[in-house]
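This briefing covers a helix pair, a chain contact and one further helix. The structure comes first, then the notes by topic.

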Amino acid sequence: MKYLSKRNLLIVLIAAATAYFYSKDGSVTTSVVSTATSFALPLALAAMVGIMCERTGIVNIGIEGTLLTSAFVAFFVSSLTSNILLGLAASIAVGSLLGLLLAVMAVTWKMDQIIAGTIINILATGLTSFLYVQGRTIPSTFPEYDIPKLMNLPFFGPVLFMHGPLFYFGLFVILSLYVALFKTTWGLRSRAVGEHPSSADTAGVSVARLRYINVAIAGAIGGLTGSFLSLELVGSFERGFTAGKGFTALALMIFGRWNPLGALAAAMMFGMTQAYANQLMIDQVIQIPTQFIGVLPYILTIIVLAISAGKVRPPAAEGQPYEKADA
Amino acid sequence: MLKRITATAAALAIATIGFSAPAQAVAKPDCSKAKFKIGVVTDLGKVDDKSFNQSAWDGAKDGAKNISGGCATYIETTDSKDYAKNMALFGDAKYNVIVTVGYLMQDASAIAALKYPKIKFIGVDQNNSSTAANMTGLIFEEDKSGFLAGYLAGYLTKTNKVGGVLAAKEVPPVYRYGQGYINGVAYAAKEQKKTIKTSVVYHEVGATMFNDSPWGATTAGQLLSQGYDVIFGAGGGTGNGALAKVATKKGMLCIGVDTDQWFTVPEAHPCLVTSAMKSLVSGVSDLIGLAQSGWSGGEYIGDAAIAPYHDLASKVPAAVQAKVNAITPKVLDGTVKTGVK
């Protein structure tokens, strides 16, 4: 009975539906699911930023700003140095710095964390708009790397093994984060700090230090996400380039119950609905208004949430600065 | 307590930098002492957006140059709630001409024109529903340039599948581009007596519809993976994202929008065969000239066209170039109907 949860039922349903469509038209279904993974990966990675922070008790609504700034830095450093690896490195560095900025505001200054995140968003919009110059290009995007042998698998080849290096790395980060959070000492301590910081403190964990480290790592993941967007997925940068992905990621984090795999699944579902919405327009199979197709991803999200989510509980100490009790 | 106050002050200071920062990457002239003042209010977008707002701004600068004592400056709108406020900044400063850029400002412009009867309003992409004589709507027949782009695409496709990645259908100019494109492909298909599949994907309507490059790129990737080999990208950053994506796939072709994007989206050079244009620059500058003398209000129809092939001319066979040259005047004068209302 343990495996008959609503969530597993949903996964089986989605898999069955995909298998059905695949049997009807293999190449289009493969294209749709592979597009869905491209939609999903940046959202899932951005959700990791949120999970890393909130699991240790810091609310980060500045994900959007982190993505925007790092996508900007990735693009312009790549363009100025003609080296996309330097662009990637710079964006990860800037992402971590923004993480540290959040940590300074939230942990050291004990500021309201919503305000702290908002500051990062405003700063990002302002700076990237101000410093933006048009007409620059990067030497190339991170090229697609098809993994030998695996790429020849039907369906799974194009869906999972025909992407760029940052895609694979991003997926690796998500899976590692799951293992790290739930199977390592660091993960246990991080979660303890997010749930009950005073107990963690009593047990000898430095709450402030762990929060600093985790928020900085989260920022670095945000930097990677920005690089993925501007150096691999698109190959350019425009003002307002991230178009709200950082906020969608927050919703996916909650939807995925602050669990990296949950958020990945949620992002994949969102990506699937977007790709299918596109496909409905590509095929013009049915004459339904595009407005309706446009809202499909959101309606489906609501339905799935209603079926599968159940009770969702955030980390208990989220958003609260930790004040050591006086001895 | 003191610590918190310092923290809040520091935070505010940082926020202020953020707020004041969207200052000008593009120099903003000071027109306060000029004889003939022209103010441009952009739509949600910047004067260097590589397409729509930039062309309108270039047109205003050209127009100002042709007038003695002419001076043009601009305000970038960052929130659609600010349209009226931004127009009022120029209105209260007694500007001679206010150029409002974008279909979304249509209603706000009509209201402002009544409020400032002495100022001439040029509403770019706006149907003129106002009775005010000081208001002129500058409109374009995007369906004509979309049709020409589609006609060309219909002759260039090798897989007989052509696609489009556009901003929201609810924005009339975007719809006219898209529908014109579809009908242009169909016209070319009929001439060649073959079947060509045309698929146009629109972004959902909303605040991000003109700057969602990742969506544009991913959606273009979806079309490419299904064998579409000519893709029309139209709608600010959303369309530019599609162009950038197509450029990374060898041998694929893309078509830009609004201006000749060869000059504004260099990353698209490997694929950009043409752009479906509307002559915003000459339209705005002509109307500014008319504002000084010969103004008639109502609606003014600007020119539509497609851009030169530039480096990709070799990809367009001479016979196809001849066909496009032959049909262009017919589409523009209406002999060949685009089929878009």
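**Helix packing and chain contact**

In α3(A), the residues Ile63(A), Thr66(A), Leu67(A), Ser70(A), Ala71(A), Ala74(A), Phe75(A) and Ser78(A) meet Gly219(A), Gly222(A), Gly223(A), Thr225(A), Gly226(A), Ser227(A), Leu229(A), Ser230(A) and Leu231(A) of α10(A). By type, the residues of this contact between α3(A) and α10(A) are 7 nonpolar, 10 polar and no charged. The model is predicted.

**Geometry of the α3(A) and α10(A) pair**

- Helix α3 of chain A covers residues 63-81 and helix α10 of chain A covers residues 207-234; their axes come within 7 Å and cross at roughly 55 degrees.
- The two helices, α3(A) and α10(A), are therefore oblique to each other.
- The crossing of α3(A) past α10(A) is right-handed.

**Contact between chains A and B**

- Chain B gives 45 residues to the contact and chain A gives 43 residues.
- On the side of chain B that touches chain A, the elements giving two or more residues are α1 (2-20), β7 (197-202), α7 (213-225) and α8 (236-247) of chain B.
- α7(B) supplies the largest share of that side, 10 residues.
- The residues on the side of chain B that touches chain A comprise 19 nonpolar, 16 polar and 10 charged.

**Helix α12(A)**

- Helix α12 of chain A (residues 260-283) has 24 residues and reaches 34 Å from its first C-alpha to its last, close to the 34 Å expected at 1.5 Å a residue.
- Of the 24 residues in α12(A), 18 are buried, so the helix is mostly covered.
- Gln284(A) follows α12(A) and has a positive phi, near 45 degrees.

How values were computed. Residues are numbered from 1 along each chain as its sequence is written. Chains are lettered from A and ligands numbered from 1 in the order in which they are written. This is a predicted model: local features need pLDDT of at least 70, side-chain atom pairs count only at pLDDT 80 or more; totals for chains, interfaces and linings use all residues. Axes are lines fitted to C-alpha atoms, for helices over the stretch in contact, and angles run from 0 to 180 degrees between N-to-C directions. Helices (H or I, at least four residues) and strands (E, at least two) are DSSP runs, numbered from the N terminus. Angles under 35 degrees count as roughly parallel, over 145 as roughly antiparallel, 65 to 115 as roughly perpendicular and the rest as oblique. A crossing is left-handed if the near helix is turned anticlockwise from the far one by less than a right angle, and right-handed if clockwise. Two residues are in contact if their C-beta atoms, placed from the backbone, lie within 7 Å. Ala, Val, Leu, Ile, Met, Phe, Trp, Tyr, Cys and Pro count as nonpolar, Asp, Glu, Lys and Arg as charged, and the others, Gly among them, as polar. The expected span of a helix is 1.5 Å times one less than its number of residues. A residue is buried if 20 or more other C-beta atoms lie within 10 Å of its own, exposed if 12 or fewer, and partly exposed in between; C-beta atoms are placed from the backbone.
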